[in-house]
Amino acid sequence: LTAARETCRRMLSYSDYVINGHENRINYTIDTGHTYTAAAKEGSEPSEATVKANQAFVDEFCRVNKWFHRQRETVKRYDRDGEVFRRKFFHPDGMMRVRFVEPWQVKDPAAANKYTSFGIECDPDDAETIVRYYVATDAESTDLEPVDAAEIQHLKAKVDLNVRRGVPLFWPARKNIVRAYFALRNIAAKSEMSGAVVMGCKHTGATQSAVSSFAASVSTQRTNPATGTMTNHRAYGPATRIDHPANMEYYALNLAEGIPDMVVGLQETLR
């Protein structure tokens, strides 16, 4: 579960497609935020002042808890982590505070009973009825706080009702997401090269060492930080004159060939 969650969090940090997927779902679900209106219960006739007082309390709750931002973050966490834990804190001023609990904070105590799994204890006679959650104060803590189920709202994604924890949205598609990420990178690199490189050269009758020596003599050498080896780099500006030995043959390159088919493959991977 931790591996799945960390993988999907990591994809959200670098994959344009995952970032876009999360943003689209947040915007579609929340948009500009929900509006809450206090209204008289059917069959009752409260005064206008009572209705206004209730509306003022609801508005204050949304303000204190930054509800619009909390709604958007709830959707992000739900998709990214596969679940959301929202804990309720009752404040002396009469206004409840809602705060997120990180998924890694909910874990089994050292002496967990047989009804406790993944940090969640259920009723002995009903796996869907949660009794309490065990919450750690920090990553290294083994001293867990038992929190009554009434104080935590737990939203789970993509699992059955009797399953304790949820599954991240993009976990089943992670392999294709990584493929799409590298496919786009390669297509972009190929497109960039097709505009920069126009020809290659064939060293007719030359040995490998002779070719290497010639490439080094007309290039700038740089150290590859990943391998520590020296590589040749040569820049061609506009209207560059190329001088070459008599036994060197040049031929045109078409690096743009195949890019449309690669784009089709990328689109199918994303579907």
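Does Tyr 181, at 31% relative accessibility, count as buried, exposed or partly exposed, and why? Tyr 181 counts as partly exposed because its relative accessibility is 31%; buried means under 20% relative accessible area, exposed over 50%, and partly exposed in between (1.4 Å probe, protein chains only).

**Basis of the model**

This is a predicted model, in which local features need pLDDT of at least 70 and side-chain atom pairs count only at pLDDT 80 or more, while totals for chains, interfaces and linings use all residues. Residues are numbered from 1 along each chain as its sequence is written, and side-chain values use heavy atoms, with hydrogens and water left out. The chain has a mean pLDDT (the predictor's confidence in each residue, from 0 to 100) of 89, and 96% of its residues reach 70 or more. Confidence is highest in strand 7 (residues 152-156), at a mean of 98, and lowest in strand 8 (residues 199-203), at 73. Strands (E, at least two residues) and helices (H or I, at least four) are DSSP runs, numbered from the N terminus.

**Aromatic pairs**

The whole structure holds 4 aromatic pairs, that is, rings of Phe, Tyr and Trp (its six-membered ring) with centres within 6.5 Å; planes under 30 degrees apart count as stacked, over 60 as edge-to-face and the rest as tilted.

Tyr 14 lies in helix 1 (residues 2-14) and Tyr 181 in helix 5 (residues 174-196), 167 residues apart. Tyr 14 is also partly exposed, at 28% relative accessibility. Ring pairs join Tyr 14 and Tyr 181 with Phe 182 in a cluster. In the other pair, Phe 85 belongs to strand 1 and Tyr 133 to strand 5 (residues 126-136), 48 residues apart; both Phe 85 and Tyr 133 are buried.

**Nonpolar core**

Phe 85 and Tyr 133 also belong to the largest nonpolar core, which has 9 residues, including Val 101, Val 135 and Val 147. Such a core is a set of buried Ala, Val, Leu, Ile, Met, Phe, Trp, Tyr and Cys residues joined through side-chain atoms within 4.5 Å. A second, separate core has 6 residues, among them Met 11, Leu 12, Val 18 and Ile 177.

**Sheet**

Three strands form an open sheet in the order 2-1-7, with antiparallel pairing; two strands pair if DSSP finds at least two bridges between them. Strand 1 (residues 83-90) is joined to strand 2 by 6 bridges. Among the bridge partners in strand 2, Val 98 faces Lys 88 and Arg 99 faces Arg 87.
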